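Please look through the structure below before reading on. The text then goes through some of its parts in turn.

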Amino acid sequence: MILTTKHIIKTTNLSIGYTSKKEVKTIASNLNINLNAGNLVCLLGENGIGKSTLLRTLTNVQPSLNGEIFINSNKLENLNNNNLAKMLSLVLTERLPDSSLTVFELVALGRQPYTNWIGYLTTKDLHIIEAAFEKTNTKHLMNSKCYELSDGQLQKVLIARALTQNTPIIVLDEPTAHLDLHHTINTFSLLKNLASEFNKTIIVSTHEVNLALQLADELWLMTPSKFIAGKTSELIKNNDLNLLFNSNLIGYNKNLNQFIITKS
């Protein structure tokens, strides 16, 4: 197969789901994604439709059921853990296990794919860590214990750790799930800046549909009937957003460019 090198992530006939001794449960099938570098992508869909399953499959946390995944023209199955860790980083929503780690120590863990077996940080590593603190505006938290952080602070610190991993792709699963409006907007603005200013490819699953419409370069829609991927403007033009929710209570309004309550 000849791949277009500009596609940093590509899937062909991808099927995702779970296998057990008794059955194979398919969540979604025939997913064909062609994602260019340097874009902010928002993955939208109802609860339980498979957003997290898709992200876990793309990041090799769980195996696919069928099809192929390419990361920067490399077959995902051919990448060892260390090489994959240099290509993509993953930010999850779970709280960290109790520990006495400082914020600096947590963020420095992002350098593990590059350090030797004793984890020695070089001058280059320290410069990358410092730059991550600067980009996320978290330098003032460096000496704090991780358990002292608010949810909003922790999310920014975890994004800083992803930046120290120095990967072209950052994948985030519901990073604003527990944040208030201020911290939600702040987090999305940060992600947009990382994509546009630093050419990072950012993939984020979210329920913040109206923020996604304003900021995302591309949308991935997991609808009850099919998977749709494309530029935000194209999906709006094709009325694809009307397929997102299987409900008469909410709908997309083109004039307002947002989802609104359609029935009280």
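The model is predicted. Begin with helix H5, which covers residues 151-164. At 1.5 Å a residue, its 14 residues should span 20 Å, and because the end C-alpha atoms are 20 Å apart, the two values agree. Of these 14 residues, 11 are buried, so the rest of the structure largely encloses H5. Among the buried residues are Gly152, Leu154, Val157, Leu158 and Ile159, and the list also includes Gln155 and Lys156. The partners against which the buried residues of H5 pack are strand E7 (88-91), H3, H4, strand E8 (169-173) and helix H6 (181-198). Just after H5, Asn166 has a positive phi of about 60°.

Rolling a probe the size of a water molecule over the atoms shows where empty space is left. The largest pocket holds about 210 Å³ of space. It is lined by 13 residues, and those closest to its centre are Leu109, Gly110, Gln112, Arg161 and Gln165. Helix H2 (81-85), E7 and H5 each give two or more residues to this lining. By class, the lining has 7 nonpolar, 5 polar and 1 charged residues.

The second largest pocket holds about 160 Å³. Its lining includes Arg95, Asp98, Cys146, Tyr147 and Leu154. By class, this lining has 7 nonpolar, 1 polar and 2 charged residues.

Thr115 sits in the loop between helix H3 (103-108) and helix H4 (123-136). Is Thr115 buried or exposed? Its relative accessibility is 16%, and buried means under 20%, so Thr115 counts as buried. Leaving aside neighbours within four places in sequence, Thr115 contacts Tyr120, Leu121 and Asp125.

Definitions and conventions. Residues numbered from 1 in each chain as written. Predicted model: local features only at pLDDT ≥ 70, side-chain atom pairs only at ≥ 80, totals over all residues. Heavy atoms only, no water. Helix = DSSP H or I, 4+ residues; strand = E, 2+ residues; numbered from the N terminus. Buried < 20%, exposed > 50% of the residue type's maximum accessible area, 1.4 Å probe, protein only. Contact = heavy atoms within 4.5 Å. Expected span 1.5 Å × (residues − 1). 1 Å grid on protein atoms, 1.4 Å probe; cavity = no way out; pocket = protein on both sides within 12 Å on 5 of 7 lines; lining within 4 Å. Points joined across faces, edges and corners; volume = space filled by probe spheres on them. Nonpolar A, V, L, I, M, F, W, Y, C, P; charged D, E, K, R; others polar.
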